Amino acid sequence: AARIIQNMDPTADPCQDFYQYACGGWLNRHVIPETSSRYSIFDILRDELEIILKGVLETSDQGDREAFQKAKILYKSCMNESLIEQRDSLPLLQALRMVGDWPVASADWSKTREPSWSMEETLSIMNSRFNKRVLIDMFVWNDDRDSSRHIIYIDQPSLGMPSRDYYFNGGNYQRVREAYLQFMITIAKMIREDKNVSRDDSFVQEEMAKVMELETEIAN
């Protein structure tokens with residue numbers, strides 16, 4: 001209750017400016033960080049929790065339960081920046097091989113990969129190994145009709161960009177859309193270079209334009 005009162009501005013007239021009355025104290029005491037687009041009590045709690053988790057993950061793992069050991073191993077692997085730099089794009093190239101490679105980053109995908117490529121198998125690998133849902137989203141959650149049990153839900157997944165607006169609206173949306181396409185083209189070129197595949201900018205641009213077209217159809 002004290003925190004709620006602290007975040008209010010009782011000097012404001014709620015009939016004239018209810019937002020200032022309800023949130024004026026918060027606005028006076030907090031500034032949105034330059035690295036954020038928003039700032040709320042949940043952001044503060046998350047920052048505090050990250051500090052606590054950092055301390056926990058950096059302690060010795062002797063005598064820990066298996067789940068804690070795995071969390072600490074994952075944390076250490078992310079913090080080992082020198083090894084990450086040394087490995088460069090190798091983990092990404094290995095991941096691509098697991099899902100049947102990427103046609104735009106291959107010289108002869110239609111001949112060497114497509115005959116044995118299966119969309120169903122690829123979608124299952126993306127879901128189970130990389131927690132990435134494509135075309136179809138599947139998850140386990142409480143049953144809306146019976147909260148004592150869990151069921152499998154099948155839904156539409158999220159899009160490559162935050163919302164449908166980014167694919168159709170003008171202004172800033174269009175600028176983001178153009179940057180998104182250029183980002184895809186840049187990544188494809190980088191991967192082709194790392195795989196020692198010959199440079200073919202026009203092919204990459206055509207393929208990524210098709211990807212953008214497919215995403216736009218899905219968004220529609």
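Biologist: How does Arg113 count at 28% relative accessibility: buried, partly exposed or exposed?

Modeller: Buried means under 20% relative accessible area and exposed over 50%, with partly exposed in between (1.4 Å probe, protein chains only). At 28% relative accessibility, Arg113 therefore counts as partly exposed.

Biologist: What should I keep in mind about the source of such values?

Modeller: Residues are numbered from 1 along each chain as its sequence is written, and side-chain values use heavy atoms, with hydrogens and water left out. This is a predicted model, in which totals for chains, interfaces and linings use all residues, side-chain atom pairs count only at pLDDT 80 or more, and local features need pLDDT of at least 70.

Biologist: Which residue forms a salt bridge with Asp101 at 4.0 Å?

Modeller: Asp101 is buried, with a relative accessible area of 15%, and lies in the loop between helix H6 (90–98) and helix H7 (109–112); helices are DSSP runs (H or I, at least four residues), numbered from the N terminus. In a salt bridge, a side-chain nitrogen of Lys or Arg is within 4 Å of a carboxyl oxygen of Asp or Glu. For Asp101, with the closest N and O atoms 4.0 Å apart, the partner is Arg113.

Biologist: How many residues apart in sequence are the parts that this pair ties together?

Modeller: Asp101 lies in the loop between H6 and H7, whereas Arg113 lies in the loop between H7 and H8. The pair therefore ties together parts whose separation in sequence is 12 residues.

Biologist: Which residues does Lys189 touch, not counting those up to four places away in sequence?

Modeller: Lys189 is found in helix H10 and, at 26% relative accessibility, counts as partly exposed. With contact taken as heavy atoms within 4.5 Å, Lys189 touches Asp201, Val204 and Gln205.

Biologist: Which residue forms a salt bridge with Asp201?

Modeller: Asp201 is itself partly exposed, with a relative accessible area of 24%. Its partner counts as exposed at 71% relative accessibility, and with the closest N and O atoms 3.0 Å apart, that partner is Arg199.

Technical notes. Helix = DSSP H or I, 4+ residues; strand = E, 2+ residues; numbered from the N terminus.
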